[in-house]
Amino acid sequence: MRLVEFLDSSELPGWFAYPARFKTVVNQGLIDFHPWHMFVTRQEMLVRLHGIPKRFPGLDVVPFASRTDCDTVACFEKSNPVGIMEFEDFDPPLHIHSRFC
């Protein structure tokens, strides 16, 4: 089973902590939901965490998964702390596909 390497609090924005329910699901190994793929390595997460603000200035998100068939990413969003946002990365301007609570 592939395990997810959570980022340390020193690597995350000050406003963010992983939700307990999210960590529970991940720790149970529920990380691949075709076509979605959870970022499992620190490097995958850090590349997106630092790259998204360069492509979308002012967007405060913590990405945790991407689709395997396109560039859509799922993220926790600062302005909606109990929800999830998904959008097309690498394709400015920002087009939000959906938000979930």
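**View 1. Contacts and overall fold of the predicted chain.** Of the contacts (heavy atoms within 4.5 Å) in the chain between residues at least 6 apart in sequence, 46% link residues at least 24 apart. The model is predicted: local features require pLDDT of at least 70 and side-chain atom pairs count only at pLDDT 80 or more, while totals for chains, interfaces and linings use all residues. Residues are numbered from 1 along each chain as its sequence is written, and side-chain values use heavy atoms, with hydrogens and water left out. Two helices and six strands make up the secondary structure, in the order α-β-β-α-β-β-β-β from the N terminus. These elements are DSSP runs numbered from the N terminus, helices being H or I of at least four residues and strands E of at least two.

**View 2. Dimensions and surface of the chain.** A compact globule of 101 residues would have a radius of gyration near 13 Å, and the 13 Å of the chain agrees with this; the radius is taken over C-alpha atoms, and the globule rule is 2.2 Å times the number of residues to the power 0.38. Along the principal axes, the C-alpha atoms fill a box of roughly 35 × 30 × 25 Å. The chain exposes about 6000 Å², of which carbon and sulfur atoms supply 56%; accessible areas come from the Shrake-Rupley method with a 1.4 Å probe, and for residues only the protein chains shown count as cover. Of the 101 residues, 41% count as buried, where buried means under 20% relative accessible area, exposed over 50% and partly exposed in between (1.4 Å probe, protein chains only).

**View 3. The cis peptide bond at Pro 35.** His 34 and Pro 35 are joined by a cis peptide bond, with omega about 10 degrees. Pro 35 lies in the loop between strand 1 (32-33) and strand 2 (36-38).

**View 4. Cys 70 and Cys 75.** The structure contains zero disulfides, a disulfide being a pair of cysteine sulfur atoms within 2.5 Å. Cys 70 is in no disulfide, and the nearest cysteine sulfur, in Cys 75, is 13 Å away. For the sulfur of Cys 75, that distance to Cys 70 is too far for a bond. Cys 70 is partly exposed at 29% relative accessible area, whereas Cys 75 is buried at 0% relative accessibility.

**View 5. Val 82 in strand 5.** Val 82 belongs to strand 5 (residues 80-88) and is exposed, with a relative accessible area of 66%. Its C-alpha atom is 8.6 Å from that of Pro 19, a residue 63 positions away along the chain.
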